[in-house]
Amino acid sequence: MLVEKITGRPMAEQITDRVITRIGLRHTDFPGVGDQTIRRPHPEGYAKDDPKAPLTDVTESDPSMGWAAGQLISTPSDVDRFFTALLAGRLLAPAQLKEMRTTVAAPEMGKGVRYGLGLMSTPLSCGGVAWGHGGDIPGYSTSNAATEDGRAVTIAVTELPTDLAQIGHLNAAVDAALCE
């Protein structure tokens, strides 16, 4: 809401102009309210309200409930492109990026994890840290990270993790992809 108040323009337009178009995200969209279609080939997403119930296909849903925090639809390669561009300073002025990287301890998110203004830093098993910010919406979960030297990985699954063990497997896969 702050972006719209300051610019006088819709959030979708600002994200499209300032991020999607600027860094060439060719497979990323900010669908409109009520738009339940995914414009490109995609996996189906599944969810269940009751752990004992079968999975339900929730692919066709309106992501606008997530608005600025989750309305985007993207591919893993575009997510990687976004984080490498962000960390390389291609989206923000140095002072703004420094503010995003100013973090506080967030032990509830994992051992050594720190959280700032939309960015998390996670220590890597091979040394150093990776920066990222995953996302979840019914039917899909994304774990991602990028390093200072431009390595990046995004893992997308088609059901939300249901316990800490599953989240741990995703985090371990991101770490392995960046460290091996």
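Trainee: By class, how many nonpolar, polar and charged residues does the lining of the largest cavity have?

Mentor: The model is a predicted one, and a search of the whole structure finds one cavity of 30 Å³ or more. That cavity has a volume of about 40 Å³. Its lining consists of Asp29, Pro31, Asp35, Thr37, Ile38, Arg39 and Ile73. Sorted by class, these are three nonpolar, one polar and three charged residues.

Trainee: Which element gives the most residues to the lining of the second largest pocket?

Mentor: About 640 Å³ of space lies in the second largest pocket, and 27 residues line it. Two or more lining residues come from each of strand 5 (120-123), strand 6 (129-132), strand 7, strand 8 and helix 6 (164-179). The greatest contribution, six residues, is that of helix 6.

Trainee: Which residues lie nearest the centre of that second largest pocket?

Mentor: By class, the lining of the second largest pocket is made up of 14 nonpolar, ten polar and three charged residues. Those nearest its centre are Met109, Met120, Ser143, Ile167 and Asn171.

Trainee: Which residue is the bridge partner of Tyr115 in strand 5?

Mentor: Strand 4 (residues 114-115) and strand 5 run antiparallel and are joined by two bridges. Their hairpin has four residues between the strands, and Gly118 takes a positive phi near 85° there. Within this pairing, the strand 5 partner of Tyr115 is Met120.

Trainee: Is strand 8 mostly covered or uncovered, and how many of its residues are buried?

Mentor: On one side, strand 8 (residues 140-146) pairs with strand 7 (residues 135-137) in the antiparallel sense over three bridges, where Ile137 has Tyr140 as its bridge partner. Strand 8 also pairs with strand 9 (residues 152-157), again in the antiparallel sense, over six bridges. As for burial, strand 8 is mostly covered, and the buried count among its seven residues is six.

Trainee: Which glycine in the turn between strand 8 and strand 9 has a positive phi?

Mentor: Ala145 stands opposite Val153 in strand 9. The hairpin of strand 8 and strand 9 has five residues between the strands. In that turn, a positive phi of about 95° belongs to Gly150.

Trainee: Why do the buried residues of helix 2 line one face of the helix?

Mentor: The buried residues of helix 2 (residues 11-20) are Met11, Gln14, Ile15 and Ile20. Viewed down the helix axis, they line one face because they fall within an arc of 155°. These buried residues pack against helix 1 (2-7) and helix 3 (67-70).

Trainee: Is Ala93 buried, exposed or partly exposed?

Mentor: Ala93 lies in the loop between helix 4 (76-87) and helix 5 (94-100). Its relative accessible area is 39%, whereas buried means under 20% and exposed over 50%. Ala93 is therefore partly exposed.

Definitions and conventions
Residues numbered from 1 in each chain as written. Predicted model: local features only at pLDDT ≥ 70, side-chain atom pairs only at ≥ 80, totals over all residues. Heavy atoms only, no water. Buried < 20%, exposed > 50% of the residue type's maximum accessible area, 1.4 Å probe, protein only. Arc of directions from axis to C-beta. Contact = heavy atoms within 4.5 Å. Pairing = 2+ DSSP bridges. 1 Å grid on protein atoms, 1.4 Å probe; cavity = no way out; pocket = protein on both sides within 12 Å on 5 of 7 lines; lining within 4 Å. Points joined across faces, edges and corners; volume = space filled by probe spheres on them. Nonpolar A, V, L, I, M, F, W, Y, C, P; charged D, E, K, R; others polar.
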